[in-house]
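Q: I've got a protein model open and I'd like to learn how to read its strands and its core. Can we go through it together?

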Amino acid sequence: MTATDDGTTVYIDRDEAESGTAAPFFHTYEDEDRKQQYGYYCANCGSLAVSMDNMERLACPDCGNDHAERSKESYDDSRL
């Protein structure tokens, strides 16, 4: 659990991680039941300012940690 700049409580789900170049990104939720997704948490610097573009690439503007679906962790076993 962490708080936004305006004091809103956000719940971090450390079981839902997306790979990053410096550290993983974790899914965050507005409620403990994890039904209302808030966004992402950067485990490298602790920022909630993580953005996602239309290609589903995550980026943290505070520390430069980023993720793209094309990263090596995203390939499945059928890749040659």
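Q: Which residue in strand 4 stands opposite phenylalanine 25?
A: Cysteine 42 does. Strands here are DSSP runs of E, at least two residues, numbered from the N terminus, and two strands pair if DSSP finds at least two bridges between them. Strand 3 and strand 4 (residues 37-42) pair in the antiparallel sense over five bridges. Keep in mind that this is a predicted model, where local features need pLDDT of at least 70, side-chain atom pairs count only at pLDDT 80 or more, and totals for chains, interfaces and linings use all residues. Residues are numbered from 1 along each chain as its sequence is written, and side-chain values use heavy atoms, with hydrogens and water left out.

Q: What is the bridge partner of glutamate 18 in strand 3?
A: Phenylalanine 25 again. Strand 2 (residues 9-18) pairs with strand 3 in the antiparallel sense, over five bridges, and the two form a hairpin with six residues between them.

Q: Is strand 3 buried or exposed?
A: In a regular strand, side chains alternate between the two faces of the sheet. Here Phe25, His27 and Tyr29 on one side and Phe26 and Thr28 on the other are all buried (under 20% relative accessible area, with a 1.4 Å probe and protein chains only). Five of the five residues of strand 3 (residues 25-29) are buried, so it is largely enclosed by the rest of the structure.

Q: Which residues make up the largest nonpolar core?
A: Nonpolar side chains tend to be buried together in soluble globular proteins. In this model the six are Phe25, Tyr40, Cys42, Val50, Leu58 and Cys60; a core is a set of buried Ala, Val, Leu, Ile, Met, Phe, Trp, Tyr and Cys residues joined through side-chain atoms within 4.5 Å.

Note on methods. Buried < 20%, exposed > 50% of the residue type's maximum accessible area, 1.4 Å probe, protein only. Helix = DSSP H or I, 4+ residues; strand = E, 2+ residues; numbered from the N terminus.
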